[in-house]
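Dear colleague,

Please find below the structure that I am handing over to you. My findings follow directly after it.

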Amino acid sequence: MGWHNLARDGGIAVANVFIIMIPILLTTALFMMKGLSDFMIKELQQKADITVYFNESVSTDDILRTKDKVNQIAGIQKVEFVSKDAALEDFRRRHQDDPVLLESLDEINGNPLLSILNVSAASVEQFDQVTELLAQDEYRDLVNKVNYSEKKDVIQKIFTITKDAQRIGLLLFGILGLISIMVTFNTVRMAILNHKKEISIQRLVGAARWFIRGEFLVEGLIFGILGAVFSFFVAAAVCWYVSPAIATALPGMNLWDNFSANLWQIIGIQMAIGAGLGMFSSLIAVSRYLKV
């Protein structure tokens with residue numbers, strides 16, 4: 001009977017399917033945006049690092065021992081050792097288009113740069129622990145300086161931005177879920193009102209209550225499944241089309257690869273949202289408007 005109602009209603013049924021596609025597509029977009037935001041957050045957090053400069057006389061073995069000690073702090077994501085020679089090569093490469101600067105460097109007749117450790121962490125608290133560790137007496141003769149105090153404000157802003165982005169994502173998910181329920185609820189309510197006369201006739205001829213209610217529950221389920229199917233193809237087409245532009249703007253981020261890697265998860269989410277909200281909203285509408 002659910003299919004019969006859809007076929008009979010024609011344009012209204014098609015309009016309802018497209019209406020239910022909107023929240024499903026919005027939720028799919030939110031899922032894809034999570035992958036994009038995770039990538040951007042990771043990129044931002046990689047920029048939130050501190051540099052430990054060692055005195056010129058410190059041996060590589062002492063620096064590597066310090067590196068191992070820093071790595072033992074919970075939440076430290078990466079500790080990279082850069083020798084003074086490697087730092088000099090990198091400096092020359094980055095300033096290869098500035099001959100005046102390179103000539104000035106050559107006149108020094110030596111390497112003015114120091115060996116360093118670049119430290120990345122999951123939060124500001126880990127950077128505080130690194131600074132406290134290196135302030136201990138055993139490291140005073142090794143460490144020239146730690147630039148955390150110079151970058152602290154920037155690092156705190158980066159982590160604040162990433163936390164706010166995650167909270168906004170959760171808020172959007174909740175709003176979209178509410179929209180989905182309201183849209184499907186209204187769709188089924190309209191269907192009940194459109195078939196009010198027919199429902200009265202069915203009741204008069206002895207149709208069971210569960211049978212009458214079941215029609216609209218099945219109809220809501222079909223709305224959700226059809227919306228999920230069409231939403232999948234629309235989402236796939238959009239991801240394929242915009243992926244090159246995003247890859248250009250954010251090197252290393254491939255939206256189509258992300259979509260393909262999460263294909264079954266996306267299908268499952270769309271089907272679960274479509275069928276679940278379709279049935280749930282239909283149940284609410286039936287309970288409220290279908291008095292049989």
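I begin with helix H4, where Arg94 and Asp90 both lie, four residues apart, or about one turn of the helix. Helices here are DSSP runs of H or I with at least four residues, strands are E runs of at least two, and both are numbered from the N terminus. The side chains of Arg94 and Asp90 meet in a salt bridge at 2.9 Å, N to O; the term denotes a side-chain nitrogen of Lys or Arg within 4 Å of a carboxyl oxygen of Asp or Glu.

Please note that this is a predicted model, in which local features need pLDDT of at least 70 and side-chain atom pairs count only at pLDDT 80 or more, while totals for chains, interfaces and linings use all residues. Residues are numbered from 1 along each chain as its sequence is written, and side-chain values use heavy atoms, with hydrogens and water left out.

Salt bridges

Asp90 also forms a salt bridge with Arg93, at 2.6 Å from N to O. These two residues lie in helix H4 as well, three residues apart, again about one turn of the helix. Arg94 counts as exposed at 55% relative accessibility, whereas Asp90 is partly exposed, with a relative accessible area of 27%. (Buried means under 20% relative accessible area, exposed over 50%, and partly exposed in between, with a 1.4 Å probe and protein chains only.)

The structure holds five salt bridges. One of them joins the side chains of Lys84 and Glu56 at 3.3 Å, N to O. This pair links distant parts of the chain, 28 residues apart: Lys84 is in helix H4 (residues 84-94), and Glu56 is in the loop between E1 and H3. Glu56 counts as exposed, at 60% relative accessibility.

The sheet

Four strands form an open sheet in the order E2-E3-E1-E4, with antiparallel pairing. Strands E2 (76-82) and E4 (143-146) stand at the edges with a single partner strand each, so one side of each is left without a neighbour in the sheet. The twist averages 20° from one strand to the next. Two strands are taken to pair if DSSP finds at least two bridges between them; E1 (residues 49-54) and E3 (residues 116-121) pair in the antiparallel sense over five bridges. Within E3, Asn118 is the residue that stands opposite Thr51.

Helix H3 (residues 60-71) lies across E1, E2 and E3 and runs at about 170° to E2. Axes are lines fitted to C-alpha atoms, for helices over the stretch in contact, and angles run from 0 to 180 degrees between N-to-C directions. Contact means heavy atoms within 4.5 Å.

Surface and overall figures

Ile168, Leu171, Leu172, Ile175 and Ile179 make a nonpolar surface patch of about 430 Å². Of these residues, Ile175 lies in helix H8 (residues 148-194) and is partly exposed, with a relative accessible area of 41%. Patches are made of residues with over 30% relative accessible area and no salt bridge, like charges being joined within 9 Å and nonpolar side chains (Val, Leu, Ile, Met, Phe, Trp, Tyr) within 5 Å.

The protein chain has 12 helices and four strands, and buried residues make up 37% of its 292 residues.

Yours sincerely

Notes: Accessible areas come from the Shrake-Rupley method with a 1.4 Å probe; for residues, only the protein chains shown count as cover.
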